Amino acid sequence: MRRERFGLAFPVSALAVLSLWCTTCTVHVEAASSLQPPVKLTWHYYKVHNTCDDAETYIRHQVESYYKSDKTIAPKLLRLQYSDCLVNGCDASVLLDGPDSEKMAPQNRGLGGFALIDKIKTVLESRCPGVVSCADILSLAARDAAHMAGAPSYPVFTGRRDGLTSTKASVDLPSPSISWEASLAYFKSKGLDVLDMTTLLGAHSMGRTHCSFIVDRLYNFNNTRKPDPSMKASFLAEMRKLCPPRTRQGQADPLVFLDPASGSDYRFTNSYYSRVLTNEAVLGVDQQLLYGDDTKQITEEFAAAQSGFEDSRRSFALSMSRMGNIKVLTGKEGEIRKNCRFTNKK
């Protein structure tokens, strides 16, 4: 059955914060209209259980303070949450230190935001020791930072607990050069759908990536020794100036903006989708959105002017909440870490 995605997605209390009804959307794809069952988390968990009433306020204050001096924190935290939730579920395992931890996986090269999470945890431990999980801190901080960058503020259900293990071998994050079919198969394996995938990739409207993640598109696409033919010629020339061929070990690996249109502003916009339509996406997986019927239709809708941007914002809110519900630990599962970098039995 095909249906619009925007419908009853949150309880009434959450809808008071953010309306998720689409009045202009014309995208019809097979997609979910709610969080994945069973939803084991709670709206304002720490208030409901009277364990740390102002936890969310403390987190927002720290994010706000950090954001004023470093706007890169928004894409960093979004990527950090993505790298956490899509591997072992949203259990903060990506925050654990260790020579064999998830942080050390090649796919997680360049992850950031750890210092802010540490600061937030220190503040919360001084006010509500042993209560607020690192997993909830990451979910709430990512939401707040993204909102400061222009994304919608969406309900974050809480009550997660922290995982006890983290191994780089468990990191199955896909290459940024895969096809849209392979990308969709990966998202579906995590309980997400085509609209979630297309929406969450839109976070690439902010942030940067290393040239090593795109150099294949520029010089040796699919081992053809030619560039990706889908790239606009002028954009290819521009990117080649920024990313020279990698010809020697130890060569510098520059960073480039994922969305040159927003660049150093680090703003959440719908220009990402417009660039996909004009064959100017930086990552191969982003450009691939043009080649699936559903992904192209969603991209065209989201690239539209004001109405499309509002549709993409509504979808972003629901997809982030759905991602934040993947394989969460609750009750007596896991633990509440005292330090987000180590388990309590380090």
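Trainee: Which helix gives the most to the lining of the largest pocket?
Mentor: That's helix 4, with six residues. Keep in mind that this is a predicted model.
Trainee: Okay, and what else supplies the lining of that pocket?
Mentor: Besides helix 4 (73–88), at least two residues each come from helix 7 (180–189), helix 8 (194–201), strand 3 (208–210) and helix 14 (306–323).
Trainee: How much space lies in the largest pocket?
Mentor: About 900 Å³. Its lining has 36 residues, and those nearest the centre are Arg 79, His 204, Arg 208, Leu 258 and Leu 283.
Trainee: How does the lining of the largest pocket split by class?
Mentor: There are 21 nonpolar residues, 11 polar ones and four charged ones.
Trainee: Switching to cavities: how many of 30 Å³ or more are there?
Mentor: The count comes to three. The largest cavity has a volume of about 80 Å³. It is lined by 14 residues, with Phe 157, Arg 160, Met 320, Ser 321 and Gly 324 closest to its centre.
Trainee: And what classes are in the lining of that largest cavity?
Mentor: Eight of the residues are nonpolar, five are polar and one is charged.
Trainee: Now the core. Which residues of the largest nonpolar core touch the most other members?
Mentor: Those are Leu 77, Leu 80, Leu 95 and Ile 117, in a core of 96 residues. Helix 6 (residues 134–148) provides the largest share of this core, 10 residues.
Trainee: What is Ile 117 in contact with, leaving aside its neighbours within four places in sequence?
Mentor: Ile 117 contacts Leu 77, Leu 80 and Leu 95, and also Ile 137, Leu 138, Ala 141 and Cys 340. As background, nonpolar side chains tend to be buried together in soluble globular proteins.
Trainee: Last topic, helix 10. Which of its residues are buried?
Mentor: In helix 10 (residues 233–242), the buried ones are Phe 235, Leu 236 and Met 239. They sit on the same side of the helix, because they cover an arc of only 100° around the axis.
Trainee: Great, thanks!

Methods. Residues numbered from 1 in each chain as written. Predicted model: local features only at pLDDT ≥ 70, side-chain atom pairs only at ≥ 80, totals over all residues. Heavy atoms only, no water. Buried < 20%, exposed > 50% of the residue type's maximum accessible area, 1.4 Å probe, protein only. Helix = DSSP H or I, 4+ residues; strand = E, 2+ residues; numbered from the N terminus. Arc of directions from axis to C-beta. 1 Å grid on protein atoms, 1.4 Å probe; cavity = no way out; pocket = protein on both sides within 12 Å on 5 of 7 lines; lining within 4 Å. Points joined across faces, edges and corners; volume = space filled by probe spheres on them. Nonpolar A, V, L, I, M, F, W, Y, C, P; charged D, E, K, R; others polar. Core = buried A, V, L, I, M, F, W, Y, C linked by side-chain atoms within 4.5 Å. Contact = heavy atoms within 4.5 Å.
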